[in-house]
Amino acid sequence: MNDKKVSLLVGIFSILNTVQLLIFDLNEVIILDYQSNFSIYMETMPTISSWLLNYKKNISIGLTTVTIAVSSLLVYCVHIKRCAGLLCYTVWIVFYELVSFVMVLHINKGIKEQFKELSYLHLVFQVSRMLLHFICVPFILRYTYNIYKGPKTSSKLGRRRCSSISTIDSWPTVGLGRLYRKIN
């Protein structure tokens, strides 16, 4: 598979994976019994963790909206061979995954002891998603470089192709008079 196909598949994968993550984030159950209001998180959490937990849905919606837009830009730029969208995707996906990882780490600090296995599950999902995105980044960067470099300088074959019919400029320095006598 060449870099263009991998970049196209990465864009499609990123869109689908982001939608799936958004569905999981929005439907996450944090209160198990609404009558007794039993939560899986501690009552006293660090300030950053409690703020992240309160605004987790808003942050997730914002991050996933931008990620879907940038992934769509990646697919479009792969199709029209523009390197700006590929670079935007690479920078954004690194930023997005790092922000998501920090969010998971902070929110997992506030999970009650009897639900610690759930925090491990969150970490496994996050790390596996990061690995899937980061493994594909070199292919995108290589395709970006090939687009930036251009088809004429990417290989020697593109520069050295000569047709069987040569022009006078490419002939050796032989006077036209001598050439005329050689033909006759």
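Trainee: How many helices and strands does the secondary structure of the chain come to?

Mentor: Helices here are DSSP runs of H or I with at least four residues, strands are E runs of at least two, and both are numbered from the N terminus. By that reading, the chain has 7 helices and 2 strands. Along the sequence they follow the pattern α-β-β-α-α-α-α-α-α. Before we go on: this is a predicted model, where local features need pLDDT of at least 70 and side-chain atom pairs count only at pLDDT 80 or more, while totals for chains, interfaces and linings use all residues. Residues are numbered from 1 along each chain as its sequence is written, and side-chain values use heavy atoms, leaving out hydrogens and water.

Trainee: What does helix 1 reach from its first C-alpha to its last?

Mentor: The expected span is 1.5 Å times one less than the number of residues. Helix 1 covers residues 3-26, 24 residues in total, and it reaches 34 Å, close to the 34 Å expected.

Trainee: Which residues in helix 1 are buried?

Mentor: Buried means under 20% relative accessible area, exposed means over 50%, and partly exposed lies in between, with a 1.4 Å probe and protein chains only. In helix 1 the buried set includes Asp3, Val6, Val10, Ser14 and Leu21. The buried residues of this helix pack against helix 3 (56-80), helix 4 (83-108) and helix 5 (116-149). For the chain, 32% of the 184 residues count as buried.

Trainee: Which residues touch the most other members of the largest nonpolar core?

Mentor: In soluble globular proteins, nonpolar side chains tend to be buried together. A nonpolar core is a set of buried Ala, Val, Leu, Ile, Met, Phe, Trp, Tyr and Cys residues joined through side-chain atoms within 4.5 Å. The largest one here has 26 residues, and Val10, Tyr41, Leu74, Leu86, Tyr89, Tyr96 and Ile140 touch the most other members. Helix 1, helix 2 (47-54), helix 3, helix 4 and helix 5 each give two or more residues to this core. Helix 4 supplies the largest share, 7 residues.

Trainee: What is isoleucine 140 in contact with?

Mentor: Contact means heavy atoms within 4.5 Å. Leaving aside neighbours within four places in sequence, isoleucine 140 is in contact with Ser7, Val10, Leu74, Leu86, Tyr89 and Thr90. Now try threonine 67, in helix 3. Threonine 67 is buried, at 1% relative accessible area, and touches Ser14, Thr18, Trp92, Ile93 and Tyr96, not counting residues up to four places away.

Trainee: How many salt bridges does the structure hold?

Mentor: Side chains of opposite charge can pair when their charged atoms come close. The cut-off is a side-chain nitrogen of Lys or Arg within 4 Å of a carboxyl oxygen of Asp or Glu, and the structure holds 2 such bridges. In one, aspartate 3 pairs with arginine 142, the closest N and O atoms being 3.0 Å apart. That pair links helix 1 to helix 5, 139 residues apart. Aspartate 3 is buried at 12% relative accessible area, whereas arginine 142 is partly exposed at 42%.

Trainee: Which residue forms a salt bridge with glutamate 97?

Mentor: Arginine 129 does, with the closest N and O atoms 3.2 Å apart. Arginine 129 lies in helix 5 and glutamate 97 in helix 4, so the pair ties together parts 32 residues apart in sequence. Arginine 129 and glutamate 97 are both buried.
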